[in-house]
Amino acid sequence: MSSVLVKQIFRDQNTYLNKTIKVSGWVRTIRVSKSFGFIELNDGSFFKNLQIVVDDTLDNFQQITKLPVSSAIIVEGELVESPGANQPFELKAKCIEIEGLSTSDYPLQKKRHSFEYLRTIAHLRPRSNAFSAVFRIRSLAAYAIHRFFQERNFVYVHTPIITGSDCEGAGEMFRVSTLDFENIPRDSEGKIDFSKDFFGKEANLTVSGQLEAETFCMAFRNVYTFGPTFRAENSNTPRHAAEFWMVEPEIAFANLEDDMILAEEMLKYLITYCLDNAPEEMEFFNKFIDKGLLDRLDNVVQSEFGYLTYTEAIDLLKKSPQKFDYPVEWGCDLQTEHERYLTEKVFKKPVFVTGYPKEIKAFYMRMNEDNRTVAAMDLLVPGIGEIIGGSQREERLELLEERMKEFQLEKEDYWWYLELRKYGGTRHAGFGLGFERAIMYLTGITNIRDVIPFPRTVKSAEF
RNA sequence: UCCUCGAUAGCUCAACGGUAGAGCACCCGGCUGUUAACCGGGUGGUUGUUGGUUCGAAUCCAACUCGGGGAGCCA
């Protein structure tokens with residue numbers, strides 16, 4: 001007899017009810033009396049457990065009742081309606097085979113553990129309810145990203161993880177090198193001789209696939225990247241990791257408005273997909289992690305996102321009755337407290353801020369008519385802050401070169417990027433979505449370390 | 001990197017200058033429909049590390065390590 005997945009049983013119970021079936025999984029908990037007992041079995045396919053009823057007609061009943069938590073077993077029995085209130089059906093075991101024993105010092109107990117503790121046992125935490133839910137959502141969300149773009153004929157580009165161009169100034173980078181640290185080659189000026197290194201030049205882990213994505217954008221029109229990204233910043237916050245995943249679409253013949261429409265549709269698609277395909281997990285988050293989660297997500301899906309310009313935002317903040325620690329002045333970057341005020345207090349939903357002063361944004365962003373702001377947008381969401389940053393790209397070669405000069409960037413280092421403007425460059429735009437921040441927003445989990453299977457952060461790369 | 005709070009049993013916490021405790025977990029026993037099952041008993045500690053103050057330190061002080069929260073940087 002072949003095994004049935006617990007998810008199949010829950011989704012299609014009429015097919016299996018009153019039939020003899022076989023399931024396999026791990027013991028989450030056992031409750032026993034003298035001659036009968038209950039096992040909660042989780043087989044990994046589904047968030048919920050299947051209740052197994054055992055009694056002393058089983059020839060290994062004594063052994064079964066003493067199984068340590070997390071033992072792996074194979075159960076054959078009849079699926080029947082359950083008289084208990086907490087489950088619609090249960091499996092009356094006829095035969096239980098022990099696949100793999102656990103031991104009584106198994107660290108996960110059947111009570112609530114702190115996220116801090118679970119982080120110290122990252123190899124076991126996917127077996128807990130919360131992380132089982134988080135990582136199934138992460139998987140579904142990744143799939144939803146691909147579906148969203150593929151349905152719209154976007155081409156998925158694998159931009160390089162190792163990059164030779166120190167582009168963008170998007171952040172501190174991790175160096176990639178095979179040089180012998182004990183014996184570093186030097187040139188005649190005493191500087192490190194990277195011509196002796198593996199790539200014959202300095203190389204780093206990517207901080208963004210955007211510049212490479214733009215090359216494919218000019219060939220495939222609409223493209224996206226989805227992969228790991230690295231920042232070597234000494235950030236110690238619940239929202240930053242050294243290794244994280246980013247989604248970066250890039251669209252041709254498009255302006256900033258098209259970019260924002262795409263971002264809004266993508267986020268709504270992502271939320272809807274997870275609500276539709278993992279209702280049990282989403283209910284769990286709503287019940288145990290963040291009581292207002294489902295209401296908030298529903299609100300996001302239903303409502304139009306807010307829009308305002310940076311200049312309007314500054315005016316709003318200046319008129320605000322709320323006192324801020326940092327002064328508000330046109331030309332300054334918005335502080336976290338300002339962003340939170342806008343998205344949490346004023347709009348109470350996701351809000352796009354556009355048209356930032358050129359001095360505080362990257363060189364590739366398109367100059368506006370006023371010659372002092374650029375066509376940039378940040379999407380701010382309640383509880384997380386900035387979740388998306390994007391812009392229309394500067395397609396006018398002279399203006400782009402001028403901006404690079406202001407940023408003291410060498411034209412030669414960006415020769416291929418500049419050629420995109422030379423050979424039939426078009427209006428184009430794109431954005432970056434922090435995948436983990438999206439997962440945090442979807443689940444209500446407040447620490448990025450708890451939405452990454454094995455998080456890498458400052459002073460931490462265990463597992 | 002800065003500010004701030006914390007570290008006591010496997011886990012979550014109490015004890016706040018005078019013999020280190022509870023709940024859960026775990027072990028033993030009981031229980032014929034449990035739901036973080038229940039009832040009875042038991043095991044379990046160099047109080048993060050190092051140094052200092054004191055007759056006496058989990059408790060006061062200092063440094064370090066690690067962790068939480070806030071800020072900066074950003075996604």
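The legends below describe close-up views of helices in a predicted model. Local features need pLDDT of at least 70, side-chain atom pairs count only at pLDDT 80 or more, and totals for chains, interfaces and linings use all residues. Residues are numbered from 1 along each chain as its sequence is written, and side-chain values use heavy atoms, with hydrogens and water left out.

View 1. Helices are DSSP runs of H or I with at least four residues, numbered from the N terminus. H5 covers residues 129-151. Its 23 residues should span 33 Å at 1.5 Å a residue, and the 32 Å between its end C-alpha atoms agrees with this; the expected span is 1.5 Å times one less than the number of residues. Just after H5, Asn-153 has a positive phi of about 65°.

**View 2. H5 against H14 (residues 435-443).** The two axes, lines fitted to C-alpha atoms over the stretch in contact, come within 11 Å and cross at roughly 120°. H5 is therefore oblique to H14, the class left after angles under 35 degrees (roughly parallel), over 145 (roughly antiparallel) and 65 to 115 (roughly perpendicular). In H5, Ile-137, Arg-138, Ala-141, Ala-142 and Ile-145 meet Phe-435, Glu-436, Ile-439, Leu-442 and Thr-443 of H14; contact means heavy atoms within 4.5 Å. These residues comprise 7 nonpolar, 1 polar and 2 charged.

**View 3. H6 (residues 210-220) against H13 (residues 415-422).** The axes come within 10 Å and cross at roughly 30°, which means that H6 is roughly parallel to H13. From H6, Gln-210, Leu-211, Glu-212, Glu-214, Thr-215 and Met-218 meet Trp-416, Tyr-417, Leu-420 and Arg-421 in H13. The contact holds 5 nonpolar, 2 polar and 3 charged residues.

Definitions and conventions:
Chains are lettered from A and ligands numbered from 1 in the order in which they are written. Axes are lines fitted to C-alpha atoms, for helices over the stretch in contact, and angles run from 0 to 180 degrees between N-to-C directions. Helices (H or I, at least four residues) and strands (E, at least two) are DSSP runs, numbered from the N terminus. Ala, Val, Leu, Ile, Met, Phe, Trp, Tyr, Cys and Pro count as nonpolar, Asp, Glu, Lys and Arg as charged, and the others, Gly among them, as polar.
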